[in-house]
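Please read the following account alongside the sequence and the coordinates. It moves from single positions to the sheet, and then to pairs of side chains.

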Amino acid sequence: MPRASVEDTGHPLPDPDPEREPTPTPTPALSPLLLDHRVLKSLLGAWALAACSPEETLAVEDHLGDCGSCADEALRLREAVGLLHPAESLDLDPTLRTRVLAGCLGRRPPRIPVPEWAAPYDAEAARLDALLQDIGDAEWHAPVRLRWFEGDGPTSRRTTVAGVIAHLLTVDGLVASALGLDDPLGDTSPKAAGPAGRTEAYWRASHYPPTRSVRGPWREQSHNLVRTVAFAGGGSGRLAVSYGDFELPLRDSMLDRAFECWVHAGDIANAVDYPYEPPAPRHLHKMIDLAARMLPGSLAERRRAGLSAPPVRHLVPAGAPGRSLRLEIEGSGGGEWLIPLDSPGASASADHEVAHVALDGVEFCRLAAGHVSPEEAATGQHGDRNAIHDVLLATASLSRM
């Protein structure tokens with residue numbers, strides 16, 4: 001073991017003995033070099049880069065107090081040196097993990113690769129886990145408000161950071177059950193319950209409010225989900241996952257869970273005042289694509305519930321072209337989608353386009369998460385106003401607890 005400092009032993013320090021203390025040797029003062037103006041001016045570049053010797057530095061700085069032209073030149077050189085070293089953010093690049101993994105896998109591909117459709121969930125769960133690693137014990141009880149859109153208006157539910165992770169744990173359990181893994185609710189799982197019902201059941205069954213201990217089960221379950229779909233192979237993506245009142249194929253369900261993981265990580269980051277960036281562009285594009293593919297069904301569901309105006313004409317036969325809206329997503333993960341308006345079974349057609357909506361990618365996702373209302377979403381709109389209004393409401397209706 002290394003020797004401990006006497007100051008760390010707890011014993012009193014010895015009294016200093018003035019007779020035994022060495023007399024400090026005075027440091028000799030530097031004398032400036034006697035150099036002419038031409039030489040001193042040639043040293044300005046090295047001085048700006050802090051590359052001069054102590055004697056040369058003293059000579060240059062003495063000269064700058066007497067020579068105005070050299071002082072101006074020295075100031076310009078110092079500013080130029082500052083431009084060579086721009087200030088960098090201390091926050092890690094959000095794409096760093098993806099780039100490092102891509103580089104490693106490019107050199108040595110995995111024996112059992114994760115399917116492409118499961119990669120967004122793998123990345124978002126890892127990012128959230130890194131955020132949870134950084135927060136303190138008290139912050140697990142910071143208040144968080146879960147927000148979503150219901151009917152024609154927003155709604156919310158108050159919980160804590162630990163409660164959000166418990167919510168993700170129970171809803172991810174739907175995917176775990178479909179894969180034959182253990183359900184985190186166990187015997188208390190309500191039959192045919194959706195995400196909200198399962199979350200409320202978990203919260204009620206807890207004797208105490210969730211604490212940071214919920215991170216362990218959620219982390220283990222997320223690893224098991226990724227590992228299981230990797231071993232199952234890409235063909236498992238067609239497996240149906242029940243959400244109570246609707247189903248999604250496993251490949252879409254994993255995208256849905258990646259989206260929820262990112263959204264709720266943002267809720268947690270806001271609660272603990274921590275920066276959090278959007279997903280990698282290719283993952284964000286997949287999430288936007290899932291929401292765009294679910295919009296026709298959301299429109300039909302709102303129409304059946306009397307929350308949306310009926311189409312201006314009779315429903316078109318399945319597969320036939322009908323009225324369409326062009327959804328243009330700008331920025332990271334963007335693209336264009338044609339949304340059929342008359343029926344989920346109708347074929348979208350550019351020839352029957354009646355409206356055009358442009359939205360930023362992150363803003364569209366916030367709308368789909370119920371974090372902004374259709375009126376608050378900044379959009380570029382052109383065409384049938386009723387169709388645009390219905391599509392924006394249907395997008396907000398994709399959100400849930």
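Gly 153 counts as buried because its relative accessibility is 18%, where buried means under 20% relative accessible area, exposed means over 50%, and partly exposed lies in between (1.4 Å probe, protein chains only). The residue is found in strand β2, and its C-alpha atom is separated by 9.3 Å from that of Leu 393, which is 240 residues away along the chain. The model is a predicted one, in which local features need pLDDT of at least 70 and side-chain atom pairs count only at pLDDT 80 or more, while totals for chains, interfaces and linings use all residues. Residues are numbered from 1 along each chain as its sequence is written, and side-chain values use heavy atoms, with hydrogens and water left out.

The secondary structure of the protein chain comes to 13 helices and eight strands; helices (H or I, at least four residues) and strands (E, at least two) are DSSP runs, numbered from the N terminus. Of its 401 residues, 41% count as buried. Among the contacts in the protein chain with a separation of 6 or more, 69% are accounted for by residues 24 or more positions apart, contact meaning heavy atoms within 4.5 Å.

Strand β2 (153-160) also has a part in the packing of helix α8, whose buried residues pack against β1 (143-150), β2 and α7 (161-178). The buried residues of α8 (residues 195-205) are Pro 195, Arg 198, Thr 199, Ala 201, Tyr 202 and Trp 203.

Leaving aside residues up to four places away in sequence, Leu 248 touches Leu 239, Ala 240, Val 241, Tyr 243, Ser 253, Asp 256 and Met 294. From Arg 238, Leu 248 is ten residues away in sequence and 8.8 Å away in space, C-alpha to C-alpha.

Which strands make up the open sheet, and in what order? Four strands form it in the order β6-β5-β7-β8, with mixed pairing, where two strands pair if DSSP finds at least two bridges between them. The edge strands are β6 and β8 (380-383), each of which pairs on one side only. Direction ignored, neighbouring strands of this sheet are turned by 25 degrees against each other on average; axes here are lines fitted to C-alpha atoms, for helices over the stretch in contact, and angles run from 0 to 180 degrees between N-to-C directions. In general, strands of a sheet pair through backbone hydrogen bonds, either parallel or antiparallel.

Within the sheet, strand β5 (residues 321-330) and strand β6 (residues 335-340) pair in the antiparallel sense over six bridges, and the bridge partner of Leu 325 in β6 is Ile 339. These two strands form a hairpin with four residues between them, and Gly 331 in the turn has a positive phi of about 80 degrees. Strand β7 (residues 347-360) and β8 run antiparallel and are joined by four bridges, with His 356 standing opposite His 382 in β8. Helix α11 (residues 281-304) packs on the sheet, where it touches β5 and β6, and its direction makes about 15 degrees with that of β6.

Turning to the side chains, the count comes to two aromatic pairs, under the rule that rings of Phe, Tyr and Trp (its six-membered ring) pair if their centres lie within 6.5 Å, with planes under 30 degrees apart counted as stacked, over 60 as edge-to-face and the rest as tilted. The rings of Tyr 243 and Phe 246 have centres 4.9 Å apart and planes at 10 degrees, so this pair is stacked. Tyr 243 counts as buried at 1% relative accessibility, whereas Phe 246, with a relative accessible area of 27%, is partly exposed. The rings of Phe 259 and Trp 262 have centres 6.0 Å apart and planes at 80 degrees, so this pair is edge-to-face. Both Phe 259 and Trp 262 are buried, and because they are three residues apart in helix α10 (residues 250-271), about one helical turn separates them.

A charged side chain also meets a ring: Arg 78 lies over the face of Trp 47, at 4.1 Å from the ring centre, the criterion being NZ of Lys or CZ of Arg within 6 Å of the ring centre and within 35 degrees of the ring normal. As for the cysteines, the count comes to zero disulfides, a disulfide being a pair of cysteine sulfur atoms within 2.5 Å. Cys 52 is buried, with a relative accessible area of 14%, and Cys 261 counts as buried at 2% relative accessibility.
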